[in-house]
Amino acid sequence: MILFGFTSTYGAEPLRLPGANDIRIIPYLSEYIDCSCSENASEVLKKWKAGQFKKLSGATVVNKGVTDCVHWFALHVINDSKYRENYLWSFYNDGIKFNVFELDSLGNKIIRSTQGSHFQRLSERDVPIRPVSFEFPMEAAEEKVFLLRTEVFGRQNLYFPTDISTKSDILIYELGFSFLLGRYFGFFFFAIVFNLCLFLILKKRFYAMMLGYISSLLAFNMIEYLHDVYVIPDGLYAVWTQIPKLTFLALTLYFNVYVFMTFVQQKKYFPNLSKKLILLNKLVLSATLIYLLLHFALNSNTYLVRVFQLIFAALLLTQTAFLLVNIWYCIKGKSPYIFHYLLGNSLIFLSVVMYLLNTFDIFYFPQFVRPGNIIFAFSVEIIYLMIVFSVKYKQDFDHFVADLAFAENKRRMLALELVMIQEKERSRIAQDIHDGIGGTLQGLRLLLSAEQLQQKNKVQEMLKDINGDFKRLIHQLAPKNLKSLGLCGSIQHDALTYGSVPKIELQCFGDEKVMPFDMKIHLFRIYQELITNALKHAIGVTLIEVDLAIDDHEVRLLVQDNGQGVATCMPENGNGIGMHSIRSRVDYYRGTFDFYLTKSGCSAQVIIPFKTNVDKI
């Protein structure tokens, strides 16, 4: 029991371990600071025996703030358990090198030393678990004294939670903690894959920014919670640990700025602020790459790296401050979705403030949510922003579809109006021909009939043919019988004007009263173009069959001829005005227009539905 004499002489009270426990061990630690960073363990041991170690306050974590010194800690432990126990002394933070020295029973010399850090692979650690842990067995009532040397590496502040419990107790805790962390990281991985798929499918830059943002968050939290040792392969782990955590924090800020700008449409509402924020964000990205290269090229504790790290941290604070200014302007300007953005980030803001207050030993806040306040806040933010943006995208897409449908409907209405104007113009031209040239020809025929001409009969026959052609042209320009005779009657009347060659046979089925008048005009024009096409391109046409079928849903027009020649049956060759007119009229009603080459000739079929998308808009 000689070590009990160390209690009053050498610092803190001994830590009595009852086996598995959750005792806060910070009040049992005493500290010595070596700012020369040159003292070895034997020299520090003498200073411990000389009583130069000072007892720590009753905090829950070791937090010395920003420091360049080597901090030594002494701990005196007693196994109060009735049994032999295997204890683990565990340390929970990255960027710190830990060296533990065990003293002999008299406290005069060091009998064992071991070291560890987050930079070690699992296979290189004394205990292959997430925290850096040192194992020491103790018999019942046995006492031990340890010296702990800590040195920051790749960071500026000395901050680490620590505890001592039995090996089985810590392993059980780590199992549950890792299982809980796995759920969060599983969600992060799902969000990464989800945004990657959306980016590949929709080609929207926002999802690429969300992908980068979530990936940076995942990397930062893996290091923050020391879980990267389980995820990163051993072959890559040495390189991975050289990447400072501040790099991922900077990338998180970089991508978050673009997410913010897209979310609140800042380029649209605040273009000048947007340009400045983008410029500063590019500067942050450049500084991040330089900082990363310096870490790989030089030792992280060199003067150049440490100075650049301070400049880099100042730049990140500037970027954060300017982002807050932009958020304030968006709030004043009531930008769309700014309050959703604030609501999604409110927990992160509170968590980061608490994290900074804990880190710089200003005020201590516990972890209100397991496994930690920050990772929980990040998860809530990602879920909330993804939901809100999905709803926003759905609304924007619906507006786009509605605008597109409105524009399409307007185009079709203009097309219909143009067709109706053409029909009116045709009627006017037909009336002018009938009243002008037609009357003149009729008068000329009557005058010639009164004169005595040698070829009177031949002249009158020619004038009769001319008059018949004019009547047919007038009828084609303005089918006045369409209202009185209907579509089927007008087609029958038009067929008679062609005489016996070709013979046009017409069959009509159904009640055409269900058809609107404008559709009758279009179908009559389609019929005229198909007849003209058959007479112009087919060879030896003697018979043309026209079938018109009308039911409750659609109207079908089928025109078949017995001519020879495939030109009229090839749609790709039908690029003339007539074929273009047919397609335009059919497309207006979202109908179909097909050609078929048969053994007896060529068939053209037009199907026009009664209910179209135009009617629904």
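Modeller: What follows is a walk through the strands, the charged pairs, the rings and a few helices.

Biologist: Before we start, what sort of model is this, and how are residues numbered?
Modeller: This is a predicted model, in which local features need pLDDT of at least 70 and side-chain atom pairs count only at pLDDT 80 or more, while totals for chains, interfaces and linings use all residues. Residues are numbered from 1 along each chain as its sequence is written, and side-chain values use heavy atoms, with hydrogens and water left out.

Biologist: Ok, strand 7 then. Is it buried or exposed?
Modeller: Strand 7 is mostly covered, with seven of its eight residues buried; buried means under 20% relative accessible area, exposed means over 50%, and partly exposed lies in between (1.4 Å probe, protein chains only). Strands here are DSSP runs of E with at least two residues, helices are runs of H or I with at least four, and both are numbered from the N terminus.

Biologist: Which strands does strand 7 pair with?
Modeller: Strand 7 pairs with strand 10 in the antiparallel sense over seven bridges, and it pairs with strand 8 (residues 110-117) in the antiparallel sense, also over seven bridges. Two strands count as paired if DSSP finds at least two bridges between them. Phe101 stands opposite Leu147 in strand 10, and in strand 8 the bridge partner of Phe101 is Ser113.

Biologist: What sits between strand 7 and strand 8?
Modeller: The two strands form a hairpin with six residues between them, and Gly107 in the turn has a positive phi of about 75 degrees.

Biologist: Switching to charges: how many salt bridges are there?
Modeller: A search of the whole structure finds 19 salt bridges, where a salt bridge is a side-chain nitrogen of Lys or Arg within 4 Å of a carboxyl oxygen of Asp or Glu. One of them joins the side chains of Arg84 and Glu139, at 2.9 Å from N to O.

Biologist: Where do Arg84 and Glu139 lie?
Modeller: Arg84 lies in the loop between strand 5 (70-79) and strand 6 (85-91), and Glu139 lies in the loop between strand 9 (132-138) and strand 10 (143-152), so the pair ties together parts that are 55 residues apart in sequence. Glu139 counts as partly exposed, at 42% relative accessibility.

Biologist: And what does Lys167 pair with?
Modeller: Lys167 meets Glu135 in a salt bridge, with 3.6 Å from N to O. Because Lys167 lies in helix 3 (residues 167-202) and Glu135 in strand 9, the pair ties together parts that are 32 residues apart in sequence. Lys167 is partly exposed, with a relative accessible area of 28%, and Glu135 is partly exposed at 26%.

Biologist: Which residues form a salt-bridge network?
Modeller: Glu102, Arg112, Glu142 and Lys144 are linked in a network of salt bridges.

Biologist: Now the rings: how many aromatic pairs?
Modeller: The count comes to 29 aromatic pairs. Rings of Phe, Tyr and Trp (its six-membered ring) pair if their centres lie within 6.5 Å, and planes under 30 degrees apart count as stacked, over 60 as edge-to-face and the rest as tilted. The rings of Phe98 and Phe160 have their centres 5.2 Å apart and their planes at 85 degrees, so that pair is edge-to-face. The pair links distant parts of the chain, with Phe98 in strand 7 (residues 96-103) and Phe160 in strand 11 (residues 157-160), 62 residues apart.

Biologist: Are Phe98 and Phe160 buried or exposed?
Modeller: Phe98 is buried, with a relative accessible area of 0%, and Phe160 is buried at 1%. Ring pairs link Phe73, Tyr87, Trp89, Phe91, Phe98, Phe134, Phe136, Phe146 and Phe160 into a cluster.

Biologist: What does UniProt list as transmembrane region?
Modeller: In an unreviewed entry, UniProt lists residues 175-199, 206-226, 246-265, 277-298, 310-331, 338-357 and 369-389 under that name; the positions are in the numbering used here, feature names are shortened, and annotations may be inferred rather than shown by experiment. In the model, residues 310-331 are 100% helix and 0% strand, with the end C-alpha atoms 31 Å apart.
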